[in-house]
Amino acid sequence: RLQSQADRFAHPDWLLEALQQDWPEHWESILQANNLQPPMWLRMNARHDMPAGVEALQREGLQTSPHPAATEAIRIDPARPVSAIPGFSEGRLSVQDPAAQLAAGLLEAAPGHRILDACAAPGGKTGHLLEKYDQVGLVALDRSKSRLKRVQENLSRLELSDGAKLIAADAALPDDWWDGKPFDRILLDAPCTATGVIRRHPEIKWLRNPDQVKEAADLQAGLLRALWPLLAPGGILVYATCSVLHAENSAQ
């Protein structure tokens with residue numbers, strides 16, 4: 001029966017079993033959603049006139065729909081290349097799914113706060129933090145210098161290049177980069193198996209295996225242990241992944 005289900009949903013056995021265990025009431029809908037073509041969602045830049053930006057999209061013949069939970073999220077139909085979306089090159093909007101847009105709001109930052117965006121590349125959430133919060137000190141960290149360039153490119157397009165200090169270093173090794181000053185807010189967008197974005201990257205379900213889930217969970221736990229002591233008393237740490245597996249989320 002398991003094999004017939006794996007064939008029916010076009011998912012490997014191990015992932016089917018993991019989803020059935022973690023989500024006994026929802027596993028089937030998750031699998032069905034994974035096999036659908038994803039919609040295109042935009043994040044409207046809160047530093048610009050968002051209603052005017054939506055109107056510009058509509059004038060181009062695009063249908064627009066808001067999201068009930070992500071206040072800056074707009075779905076457009078039909079999807080089109082970013083270069084053909086009015087306002088993208090001017091930094092009025094970005095492409096980002098609504099779930100990813102929730103992270104910035106959960107931080108509840110205020111002027112004067114020091115914020116750490118750990119594992120920041122490619123910079124989608126980094127840009128959102130600067131769009132959303134004025135007068136904050138933002139440190140964007142990533143261990144890959146080449147990927148950190150993507151962060152800089154994204155911030156340049158949004159005209160927010162001066163808003164963040166970019167550091168190429170391993171978040172799990174604070175002694176190598178931390179100046180000793182606590183952060184009021186920390187966003188840990190942790191490396192993961194990406195099992196929550198299979199509809200955008202269908203190859204993920206065939207490239208992952210149970211050993212990689214354990215490796216990801218071990219890495220995430222190490223990052224949490226390293227970054228938690230950097231948080232100021234009363235501060236907020238938001239832990240985010242794009243996985244749907246409990247081992248990488250609620251089990252941490």
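View 1. The structure holds zero disulfides, a disulfide being a pair of cysteine sulfur atoms within 2.5 Å. This is a predicted model, where local features need pLDDT of at least 70 and side-chain atom pairs count only at pLDDT 80 or more, while totals for chains, interfaces and linings use all residues. Residues are numbered from 1 along each chain as its sequence is written, and side-chain values use heavy atoms, with hydrogens and water left out.

**View 2. Here are the cysteines up close.** Take Cys119: the closest cysteine sulfur, in Cys192, sits 10 Å from its own, so that's too far for a bond. Cys242 is in no disulfide either, and its nearest cysteine sulfur, that of Cys192, is 3.3 Å away. Cys119 is buried, at 17% relative accessible area, whereas Cys242 is partly exposed, at 33%. (Buried means under 20% relative accessible area, exposed over 50%, and partly exposed in between, using a 1.4 Å probe and protein chains only.)

**View 3. Strand β8 is mostly covered.** It spans residues 183-189, and five of its seven residues are buried. Strands here are DSSP runs of E, at least two residues long, numbered from the N terminus.

**View 4. β8 pairs with β5 and with β9.** Two strands pair if DSSP finds at least two bridges between them. Strand β5 (residues 114-118) runs parallel to β8 over four bridges, with Ala118 standing opposite Leu188 of β8. Strand β9 (residues 231-240) also pairs with β8 in the parallel sense, over six bridges; there, Arg185 has Ile236 in β9 as its bridge partner.
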